[in-house]
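Dear colleague,

Please find below the structure that I am handing over to you, with its sequence. My notes on what was found in it follow directly after.

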Amino acid sequence: MRRVVELLYEAQRRLYPGDRPNRLARLMNRLDAAQFATGVLAPRRAVTLEVRGRRTGRGIAVPVVVADLDGDRYLVSMLGENANWVRNVRAAGGRAVLHHGGREHVLLREVDVARRAPILRRYLHLAPGARPHLPVDRRAPLAEFEAVAARYPVFLVQPAPRP
């Protein structure tokens, strides 16, 4: 069984060579983003993140999983620092919109590396599609998550302040 899981993980990793989605992965992400935004037949924690493109200024939509821990919500980049949405969120000062049957304007605040390990572990429990991309088993001790935490940005989801 472990060999089958490893083969599936390898196939999923091939969709993101160099931590960038290939053509098929981009198509699948667009379909997931459209479905998650509606909230219909979408897992509860699956949402669409919309953020302004740092070069184009247009809204970019990507499917993400919201991890909850100790009453807070977080977004994790399964592809690490090079994920386009991470760069766009940083360029937008954390301003974004989450869609899941409605629109929620949010402010995403980057979590300090020292606080990421338990969030990463929770994320892997909730997001099976991310497991092939993080080099830690979801049942691993926190020390293993601490060792890779600097490579995977985590953002605290907060309500956007009213203007």
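The radius of gyration of the protein is 15 Å, and this agrees with the value near 15 Å that a compact globule of 163 residues would have. Please bear in mind that this is a predicted model, and that every value in this message was computed from it. Along its principal axes, the C-alpha trace spans about 50 × 35 × 30 Å.

Overall make-up

The protein contains 5 helices and 6 strands. Read from the N terminus, these elements follow the order α-α-β-β-β-α-β-β-α-α-β. How many of the contacts between residues at least 6 apart in sequence join residues at least 24 apart? The share is 60%.

The largest pocket

The largest pocket holds about 1200 Å³ of space. Its lining is made up of 45 residues, and those that lie nearest the centre are Tyr16, Asn29, Val62, Pro63 and Met78. Which elements give two or more residues to this lining? They are the helices α2 (23-38), α3 (84-91) and α4 (117-126), together with the strand β2 (59-69). Among these, α2 gives the most, with 8 residues. In terms of residue type, the lining of the largest pocket divides into 25 nonpolar, 10 polar and 10 charged residues.

The second largest pocket

About 400 Å³ of space lies in the second largest pocket. It is lined by 16 residues, with Arg95, Ala96, Val97, His105 and Val106 lying nearest its centre. The elements that give two or more residues to this lining are the strands β1 (46-52), β4 (95-99) and β5 (103-110). The lining residues of the second largest pocket comprise 9 nonpolar, 2 polar and 5 charged ones.

You could then turn to the second largest pocket and find β1, β4 and β5, each of which gives two or more residues to its lining.

With kind regards

Key: Residues numbered from 1 in each chain as written. Predicted model: local features only at pLDDT ≥ 70, side-chain atom pairs only at ≥ 80, totals over all residues. Heavy atoms only, no water. 1 Å grid on protein atoms, 1.4 Å probe; cavity = no way out; pocket = protein on both sides within 12 Å on 5 of 7 lines; lining within 4 Å. Points joined across faces, edges and corners; volume = space filled by probe spheres on them. Helix = DSSP H or I, 4+ residues; strand = E, 2+ residues; numbered from the N terminus. Nonpolar A, V, L, I, M, F, W, Y, C, P; charged D, E, K, R; others polar. Rg over C-alpha atoms; globule rule 2.2 N^0.38 Å. Contact = heavy atoms within 4.5 Å.
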